[in-house]
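Here is a short report on one protein chain. Look at the sequence and the model before reading on.

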Amino acid sequence: MIQSDTPNIQVLSTEVSQLRQELQLRDQLVQQLSQELFRLVKGNTSFMPQQPDIERDLTQLQALQEQLQAVEQQVGFYQEQITTRDSEIYQLRQSVQELTDRSRMLEQVVQELPQIYRRKFEERMMPVREKVAMLQRENRQIQAELQSVSYRLALKTRNASHSGIDLPNFPHPASEQSNISTPQNA
């Protein structure tokens, strides 16, 4: 077993020595890089970060805060305007809806108006027609009575002329007698 462990120890020892060499090489490289970096940074002042100017940063921060406040005020103002406009839009929509409903109702009324006027006209004309019919009946009755009276009067006049009443005879000139015909009894 000792012999088998020996080759392993030798292998491990060679590996360890290789790793040490690699580690030394890396340490040398890191040292060279850090020296080079130091030389570059020391020679180049623009590469180094500048010391912060606190006063300048504070003024910039204050200016940014003021701008932020102004923007927040504008946003608040615009939000108020939006809210106002939204309420106006809502009211206008309600008004439009009410006016649309009213318009529909008025259109329906306008469509029904001719029928309503005809019905009302018929209702108003009924008493007039009845009165006209009554007047026409009265007129026919009066005309019938008038005809009856005139017939009776004509009969009476005819009978009266034959009853022996002498009517006066007026002298007529001779020239006029030939033109005037004697009245005939009807």
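Among the elements of the protein chain, which has the lowest mean pLDDT and which the highest? Helix α3 (residues 174-179) has the lowest, at 50. Helix α2 has the highest, at 91. Over residues 176-186 the pLDDT is below 50. Beyond near neighbours in sequence, that stretch has four contacts in the model. Where pLDDT is low, the predicted coordinates should not be read in detail.

**Confidence and fold**

This is a predicted model. The mean pLDDT of the protein chain is 82. Of its residues, 78% reach 70 or more. The chain holds three helices and zero strands. From the N terminus on, the order is α-α-α. Helix α2 covers residues 54-162.

**Surface**

Buried residues make up 1% of the 186 residues in the protein chain. The chain exposes about 18,500 Å². Carbon and sulfur atoms supply 57% of that area.

Which residues form a nonpolar patch on the surface? They are Ile54, Leu58 and Leu61. Together they have about 300 Å² of accessible area. Leu61 lies in helix α2. Its relative accessible area is 44%.

**Salt bridges**

How many salt bridges does the structure hold? There are five.

Arg56 is partly exposed at 44% relative accessibility.

Asp101 and Arg104 both lie in helix α2. They are three residues apart, about one turn of the helix. Is Arg104 buried or exposed? Arg104 counts as exposed because its relative accessibility is 53%, and the cut-off for exposed is over 50%. Asp101 is partly exposed, with a relative accessible area of 38%.

Glu122 is partly exposed, with a relative accessible area of 36%. Arg129 is partly exposed too, at 41% relative accessibility.

Terms used. Residues are numbered from 1 along each chain as its sequence is written. This is a predicted model: local features need pLDDT of at least 70, side-chain atom pairs count only at pLDDT 80 or more; totals for chains, interfaces and linings use all residues. Side-chain values use heavy atoms; hydrogens and water are left out. Helices (H or I, at least four residues) and strands (E, at least two) are DSSP runs, numbered from the N terminus. Buried means under 20% relative accessible area, exposed over 50%, partly exposed in between (1.4 Å probe, protein chains only). Accessible areas come from the Shrake-Rupley method with a 1.4 Å probe; for residues, only the protein chains shown count as cover. Patches are made of residues with over 30% relative accessible area and no salt bridge: like charges are joined within 9 Å, nonpolar side chains (Val, Leu, Ile, Met, Phe, Trp, Tyr) within 5 Å. A salt bridge is a side-chain nitrogen of Lys or Arg within 4 Å of a carboxyl oxygen of Asp or Glu. pLDDT is the predictor's confidence in each residue, from 0 to 100. Contact means heavy atoms within 4.5 Å.
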